[in-house]
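Welcome! Let's walk through a structure together, one question at a time.

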Amino acid sequence: MTRFVDAATLKAWLHDGEEIALFDVREHGQYGQSHLFYGITLPYSRLELDAPRLAPRKAVRLVVYDDDGNSAAPLAARRLAAIGYSDVQVLQGGTAGWQAAGFALFAGVNVPSKTFGELAEQVYHTPRVSATELAAMIERKDDVVVLDGRPFSEFRKMNIPTAISCPNGELALRIRDLVPSESTHIVINCAGRTRSIIGAQTLINLGVRNPVSALENGTQGWYLADLKLEHGGTRRYPESAQPQGTADMRAAAQALAQRFNVPVVDAQTVRGWAGDTQRTLFLCDVRSPEEFAQGSLPGAQHTPGGQLIQATDQYVGVRKARLVLFDTDGMRALTVASWLRQLGHDASVLGQGLASGLALPAAAPVGLPALPATSAQALKDGLADGSVCAIDLRPSMQFRQKHIAGTRWSIRPRLAKALAGEHRPVVLIADEPAVAACAAVDLQALGLKPSLLEGGLDGWRAADLPLQASENIPADSDCIDYLFFVHDRHDGNKEAARQYLAWEVNLIGQLDAQELKAFHLPDVAATHAHA
């Protein structure tokens, strides 16, 4: 039986200091248009894949919501209960009920982290330079270094001329390799605003003597100033075995951790926390992707440091959970944890990091049905004679670009309606077989026996079979997995870029007193006392 919680009760739960997982189970596009401030995106199409990672403790207090409380949320609640979650509620009335109760809804993604970045700029008065000012510095060949604080994959899409990729989480460790002179002006940029701010303020909080600034409005500000961006950049920090100046920066990171009361705990303490049935624990490896790929602690998830600050909700689905961070150098984890504490998280650092010997059990994956395979030739024949129904579960924008003629696009929460009255064999097409397996749970409940196209679209191509494109199928209104919200801000649409930047700046004004109080930024007087 589905249990419901009203908006006023949920609002009280979100601020009572106890753990809570609040999941928006609509698809990503719906979520990005309008969601609760603390809502974590957990699309119903990926529910069983991502729930154990985002909420590893099955007894956690958990609330799911959708638009109205009657569409995807009851389905998700039943599935969560079926895979072992014992305390699941549905928000009565969904987002509409929340808004009707007088509470705000927010557009965009990673909203708490982005709001925090804007607040940090206000509290710390982080210095900034405009795009035209930076362009003039570069033109004059001033002693200036531009560091791009985003992950390298984002840097590759577009970057400021001369910029070097150094994700914010790596700054404490890499800064002296990249900027050996203390007189060099360091400018940190991202695509918009908040990672520029957090990156610049990270260096200032660490006490570097260099002049440091955030690039106002990032690459979008550069583009809006009619300056040219570079694409496909390859400049990045050197993978030094022993970066320069680590002794000084380690001391700076330790001082920063002391300033923000970051606990350093040993492996035995963390093992005890892992056995605590009343609290959720996340073990977070904040090192680079390359380092993580070479090996990590059992039970850890990869949470690149800068992204853990600026996209916390992608990695941590339980509010008020314990977060334990680690690295190999004793600098990055301490620096990242100093920000997470200010974000309001219970963050600690694992002493000795990778060398601690800590090993925790990994979250057990949810058992999903194993689907029989249908070959490309069998699907081709079945489509030709009408004996099969083929459903493409790949992202809607990918379907528009290339798909198999005669197939239909759909997504898990809409499958029951899409296949109503269907008696033919159903062939699912997916890049991720596990996404098809999630959908198959619902199809089997309808009495259908789905199979999976062997090798997906790659298997179809390997059989030298044709594909087609369609600009408007599915229609925009059906693309609930795609966030159209200023989606083309990096693709030549200046108005979209302006809208996005205005959205970031205006986030703070939407907060209520409780949401503001949940952040633990120092007050202005304390900030200036440390300056």
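Q: What is the bridge partner of Ala373 in S20?
A: In this predicted model, strand S16 covers residues 373–374, and strand S20 covers residues 451–453. S16 and S20 pair in the parallel sense over two bridges. In S20, Ala373 finds its bridge partner in Leu452.

Q: Which strands stand at the edges of the sheet?
A: Five strands make up an open sheet with parallel pairing, in the order S16-S20-S19-S17-S18. A strand at the edge has a single partner strand, so one side of it is left without a neighbour in the sheet. The edge strands are S16 and S18.

Q: How are the rings of Phe37 and Tyr38 arranged: stacked, tilted or edge-to-face?
A: The structure holds ten aromatic pairs, and Phe37 with Tyr38 is one of them. Their ring centres are 4.9 Å apart, with the planes at 80 degrees. Planes over 60 degrees apart count as edge-to-face, so this pair is edge-to-face.

Q: How many residues apart in sequence are the parts that Phe37 and Phe106 tie together?
A: These two rings form a tilted pair, 5.0 Å centre to centre with 55 degrees between the planes. Phe37 lies in the loop between helix H2 and strand S3, while Phe106 lies in the loop between helix H5 and helix H6. The pair therefore ties together parts whose separation in sequence is 69 residues.

Q: Is Phe106 buried or exposed?
A: Buried means under 20% relative accessible area. Phe106 has a relative accessible area of 1%, so Phe106 is buried.

Definitions and conventions:
Residues numbered from 1 in each chain as written. Predicted model: local features only at pLDDT ≥ 70, side-chain atom pairs only at ≥ 80, totals over all residues. Heavy atoms only, no water. Pairing = 2+ DSSP bridges. Helix = DSSP H or I, 4+ residues; strand = E, 2+ residues; numbered from the N terminus. Phe/Tyr/Trp six-rings, centres within 6.5 Å; stacked < 30°, edge-to-face > 60°. Buried < 20%, exposed > 50% of the residue type's maximum accessible area, 1.4 Å probe, protein only.
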